[in-house]
Amino acid sequence: MDIKRIYKSKVINVEKVLEKINSHDNIVSALAAAEPKEILSKLHTIAKNVENVNVTTCLPMGSYDYFENPKYKNSFFMDGWFYSPTIRKAHKNGNVSFIPNHLHLSGTKRLFHRKPNVFIGTAAPMDKHGNVSLSLSATYERTMIENADLVIIEINPNMPRTFGDTIIHINDIDYIVEADYKVPELTVVEPTQKDRIIGKNIAKLVEDGSTIQLGIGGIPNAVTRELMDKKDLGIHTEMMTDGMVDLYNAGVITGKKKTLMPGKMVATFALGTNKLYDFIDDNPAVMIMNGNWVNDPYIIGKNKKMVSINTTLQIDLTGQCASESIGHKQFSGTGGQADTAIGAQNSPEGKSIIALYSTAKIRVAGSDERKVISKIVPRLDYGAAVTLSRNDVDYVVTEYGIASLRGTSVKERVKRLISIAHPDFRDNLENEAKELMIW
Ligand code: COA
């Protein structure tokens, strides 16, 4: 088999590839930094030829006319597994909607409802055996490739070559678009003093030899700085981040004590800066595996001392977390928050941690003013989606301390959560709790 000839026969330009898209097609696009920018940035150019094309995607990084410009509304509709700033902005146009799901079931559940006929994604260049690597994500991409009628891949030499479920053969690709853009990066924000205090509180709960998962958001990322004096940590996470590279380089992550895939850092996607992308490139210590396996709570639980560290937008006094919406307004997604928290509880000596700032500074509707509110509340905002049930939160951490909720009654939870709320709000929380008869 002359794989170079096979490769060449599949290469076409982006304009030609877009001619393959028809009305009523169901397209699934790869996630976050693995999204195919060449194709997505030109998708709107076929708007006059198509109607009702569905694009299902997750955490899109780029700005694309096909969904941002309402004039293309009859041609394209986007369903998102995880909202990003660009989708949040477009939501008001009425051409995007959210798909509720646990991350590990996102691909398989979507197939039940809507089988994709087209998959579009990215990969690092082909090796001498005819394999390409899906690079930064295997969250649902592999499942979709196995089910789509047409598989279109942008091959980009800047994409890191990763191992695990990312490897697919050239024969499984129908068309290749050659691309050469920089891999999208997620800016890493320097931790604030408050982040460091929360990080130190979390570090008290992470024992040497633990395997950790870090969620998306400012706090989980900041935590890594406070884990620098730990020993033999392991990684089994949905998202691989820059902070994990620092921990590895400092000798903190060895994976030696992992009870599932010892020595390997396991993730289902990677999102960060070029530091992370360089680290995972051609690195057999990193395994990017299918999200339906990595995030399966049963699989997660096979790691002894598994610690899940996630964050939330709002938590009520019984421990229910609204992490993906502000009232009715979809902000992000469930992602793997529940997967990983439940997985950590399945694990011998595991812990599920929710860390949050005690307050948020929010815009006052209709003005430029901002006001400080408590993120620990008597009841969640009207319409808020419960991302994590109160049954699945072991520890809640703020800059005021740690509330251990495992095994506690509602009355005890109320008391403990108020003790880590911002002092300015504690009296009011107590009064409200009494009124609700949960105190
Ligand atoms: N009410 C209203 N607004 C609030 C709020 C509340 N209770 N809490 C926070 N906000 C606002 C903030 O002020 C901020 O607004 P701004 O952008 O105007 O400054 C915004 O919401 C984001 O808050 P922030 O704390 O900066 O969020 P983050 O980037 O750290 O992300 C989550 C936090 C919870 C949104 C994110 O972790 C998430 O989506 N989690 C669910 C999925 C998940 O955990 N997956 C885990 C596996 S990866």
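## Basis of the model

The structure is a predicted model in which local features need pLDDT of at least 70 and side-chain atom pairs count only at pLDDT 80 or more, whereas totals for chains, interfaces and linings use all residues. Residues are numbered from 1 along each chain as its sequence is written, and side-chain values use heavy atoms, with hydrogens and water left out.

## Overall fold

The chain holds 16 helices and 27 strands; these elements are DSSP runs numbered from the N terminus, with helices (H or I) of at least four residues and strands (E) of at least two. The radius of gyration is 22 Å, close to the 22 Å that the globule rule gives for 439 residues, so the chain is as compact as a globular protein of that length. Here the radius is taken over C-alpha atoms, and the globule rule is 2.2 Å times the number of residues to the power 0.38. The C-alpha trace spans about 70 × 50 × 35 Å along its principal axes.

Of the 439 residues, 58% are buried; buried means under 20% relative accessible area, exposed means over 50%, and partly exposed lies in between (1.4 Å probe, protein chains only). Among contacts with a sequence separation of 6 or more, 71% link residues 24 or more positions apart, a contact being heavy atoms within 4.5 Å.

## Surface and charge

The accessible surface amounts to about 18400 Å², and carbon and sulfur atoms account for 50% of that area. Accessible areas come from the Shrake-Rupley method with a 1.4 Å probe, and for residues only the protein chains shown count as cover.

There are 53 positive and 51 negative side chains, and the centres of the two sets lie 2 Å apart. Lys and Arg count as positive and Asp and Glu as negative, while His and the chain ends are not counted. Each charge is placed at NZ of Lys, CZ of Arg, CG of Asp or CD of Glu.

## Domains

The chain is divided into domain 1 (3–178) and domain 2 (193–435), with bounds from an automatic or database domain assignment. The centres of the two domains, taken over C-alpha atoms, are 29 Å apart. Their contact takes 28 residues from domain 1 and 32 residues from domain 2.

## Helix H10 and its surroundings

Helix H10 covers residues 242–249, and its buried residues include Asp-242, Gly-243, Met-244, Val-245 and Leu-247. The cover over these buried residues includes strands S11 (211–214), S12 (234–235), S13 (239–240) and S14 (265–267), together with helices H9 (218–223) and H11 (274–280). After H10 comes Gly-251, which has a positive phi near 80°.

In the loop between H9 and S12 lies Glu-226. This residue is buried, at 10% relative accessible area. Beyond its neighbours within four places in sequence, Glu-226 is in contact with Arg-196, Gly-199, Lys-200 and Ala-203.

Ile-342 belongs to helix H14 (residues 337–346) and is partly exposed, with a relative accessible area of 29%. The C-alpha atoms of Ile-342 and Leu-388 are 9.2 Å apart, although 46 residues separate the pair in sequence.

Ile-418, in helix H15 (residues 410–419), is buried at a relative accessible area of 4%. Leaving aside neighbours within four places in sequence, Ile-418 is in contact with Leu-317, Arg-426, Leu-429, Glu-430 and Trp-439. Ile-418 and Val-377 are 41 residues apart in sequence, with 9.1 Å between their C-alpha atoms.

Arg-406 is located in the loop between strand S27 (401–404) and H15, and is partly exposed at 46% relative accessible area. Setting aside neighbours within four places in sequence, Arg-406 is in contact with Gln-345, Gly-350, Val-393 and Asp-394. From Arg-406 to Tyr-7 the C-alpha distance is 55 Å, and the two are 399 residues apart in sequence.

Asp-282 has a positive phi of about 55° although it is not a glycine. It is situated in the loop between H11 and strand S16 (286–288) and is partly exposed, at 44% relative accessible area. Met-437, also not a glycine, has a positive phi of about 60°. Met-437 lies in the segment after helix H16 (423–435) and counts as exposed, at 73% relative accessibility.
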